[in-house]
Structure formats: structure tokens, C-alpha cells
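Colleague: I am new to reading models like this one. Could you walk me through it, feature by feature?

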Amino acid sequence: MGRQIRFYMTEEDEDEFIDFIRSAGDVVILPQTSEKEVGEEFPAFRSLAGRRLGEGCILWNRSTSPKPHVEYFEVHGGCYCVDFMQSEVVNVMRSKRVDQRLSMGRLHIEDKAQRPDGSVVEKSGEFVNWFNELCRWIKKTHPSTFDGACLSSRAEALAKSGIELTGHSF
């Protein structure tokens with residue numbers, strides 16, 4: 001089933017979050033889907049905006065987790081996809097502002113993986129603890145909530161100024 005935390009954050013909040021995650025390990029932002037098997041890293045979640053293969057991204061902490069499992073698919077002229085279910089990575093859906101709306105973001109992990117023989121194994125404690133650390137930071141720095149999601153003070157100010165808070169935007 002996995003675990004997640006939902007949030008509303010502005011680009012400034014995103015920058016602060018990325019500074020935090022990079023201080024907590026050798027963390028990189030990778031695309032969920034890429035034309036390259038390895039090596040495509042991004043400085044921020046919003047850096048993936050407008051990509052032909054989508055904005056989906058993951059966080060990989062190279063300090064604690066093995067290299068993500070990547071599969072090749074022939075669709076869209078061929079692409080590589082991180083197998084989120086098998087890898088120790090955090091799936092990111094960013095909170096983004098479009099016109100007069102701010103969409104909900106989320107961090108999501110699967111804390112178990114299924115082996116080829118069908119058995120289920122727990123992902124490492126270090127990985128789960130790191131995800132919990134990310135969640136604690138968001139809860140601490142986003143003290144309010146809206147619709148069950150953590151709400152930064154900047155996002156709350158936007159909402160009070162008339163910006164509509166919406167669900168996830170893909």
C-alpha cells in the first residue's frame with residue numbers, strides 16, 4: 001500500500017525543501033521516465049516542467065539506497081522508467097501554481113517490494129527512516145492543513161489572497 005504525505009507549497013518552499021533534502025544525504029532528483037538509462041539529474045522539481053516524457057520525478061538518496069531499478073520500454077520511441085515499486089526512491093508529485101490555482105503535491109513511497117518469486121520483503125530501515133525525516137520536515141515547516149494536506153504559510157497566504165487550492169495536477 002505504501003505511505004505518503006500531501007502538501008501545498010510555493011516555489012520558495014520547494015527551494016527550501018530541496019536545500020533540506022540535500023543536507024540530509026547525497027540526494028538527487030531523477031525523472032521517473034527518461035530517454036537515458038542513467039545520468040539525467042535535475043536541480044528542482046519544477047525543472048521537469050514541459051518535458052516530453054512528463055514531469056514525474058523521484059528522489060534517490062545515494063547515501064542510503066542502492067541504484068534504482070530501471071526498465072526499458074519501447075513506447076514513445078523507447079524510454080527508461082524507474083521501477084518505483086522495487087526501488088528505494090521517493091515518488092514526487094510537486095505542488096504547482098497554474099494561473100489562479102495551486103495544486104496539491106505529495107511524496108509517496110512503497111515500503112515493501114515483491115521479489116520475482118512472489119515473496120514480499122521490507123525495504124531498508126534507513127530508507128524508511130529517511131522518508132520519515134522528510135515528512136517530519138514538511139509537517140514542521142507547513143504548520144497548517146487544508147483538505148488533509150500540510151499547508152505552508154506562503155501557500156496559506158496565497159489561498160487567503162484568492163488562489164484556489166486544488167487536488168493533484170498531472
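**Reading the model step by step**

Modeller: Let's begin just after helix H1, where Gly-25 takes a positive phi of about 155°. Please keep in mind that this is a predicted model, in which local features need pLDDT of at least 70 and side-chain atom pairs count only at pLDDT 80 or more, while totals for chains, interfaces and linings use all residues. Residues are numbered from 1 along each chain as its sequence is written, and side-chain values use heavy atoms, with hydrogens and water left out.

Colleague: Which residues of H1 are buried?

Modeller: Buried means under 20% relative accessible area, exposed means over 50%, and partly exposed is in between (1.4 Å probe, protein chains only). In H1, the buried residues are Asp-13, Glu-14, Phe-17, Ile-18, Phe-20 and Ile-21. They sit on the same side of H1, because they cover an arc of only 160° around the axis. That arc is taken from the directions that run from the helix axis to the C-beta atoms. Asp-19 and Ser-23, on the other side of H1, are exposed.

Colleague: Why can residues a few places apart point the same way in a helix?

Modeller: An α-helix has 3.6 residues a turn, so residues three or four places apart point the same way.

Colleague: And what covers the buried residues of H1?

Modeller: The cover includes strands E2 (27-31), E4 and E9 (101-109), along with helices H2 (125-141) and H3 (153-160).

Colleague: Let's look at E4, then. Is Asn-61 buried or exposed there?

Modeller: Asn-61 belongs to strand E4, residues 57-61. Its relative accessibility is 1%, so Asn-61 counts as buried. For contacts, look for heavy atoms within 4.5 Å. Apart from neighbours within four places in sequence, Asn-61 touches Ala-24, Gly-25, Asp-26, Val-27 and Trp-130. Gly-25 is the residue with the positive phi that we began with.

Colleague: Where is Gly-56, and what is it in contact with?

Modeller: Gly-56 lies in the loop between strand E3 (33-34) and E4. With a relative accessible area of 34%, Gly-56 is partly exposed. Neighbours within four places aside, its contacts are Leu-30, Pro-31, Gln-32 and Leu-48. The C-alpha atoms of Gly-56 and Asn-91 are separated by 7.9 Å, although the two residues are 35 apart along the chain.

Colleague: How many disulfides does the structure hold?

Modeller: A disulfide is a pair of cysteine sulfur atoms within 2.5 Å, and this structure holds zero of them. For Cys-57, the nearest cysteine sulfur is that of Cys-81, 14 Å away. The sulfur of Cys-79 has its closest cysteine sulfur in Cys-81 at 4.1 Å, which is too far for a bond. Cys-57 counts as buried at 2% relative accessibility, and Cys-79 is buried at 2% too.

Colleague: How many salt bridges does a search find?

Modeller: A salt bridge is a side-chain nitrogen of Lys or Arg within 4 Å of a carboxyl oxygen of Asp or Glu. The whole structure has 13 of them. Glu-12 pairs with Arg-154, with the closest N and O atoms 4.0 Å apart. This pair links helix H1 to helix H3, across 142 residues. Asp-13 also forms a salt bridge with Arg-154, at 2.6 Å. Asp-13 lies in H1 and Arg-154 in H3, so the pair ties together parts that are 141 residues apart in sequence.

Colleague: Which strands does the pair of Glu-122 and Lys-112 link?

Modeller: Their side chains meet in a salt bridge of 3.7 Å, N to O. Glu-122 is in strand E11 (residues 120-122) and Lys-112 in strand E10 (residues 112-114), ten residues apart. Glu-122 counts as exposed at 57%, whereas Lys-112 is partly exposed at 40%. Elsewhere, salt bridges that share partners join Glu-11, Glu-14, Asp-15, Arg-46 and Arg-94 into one network.

Conventions
Helix = DSSP H or I, 4+ residues; strand = E, 2+ residues; numbered from the N terminus.
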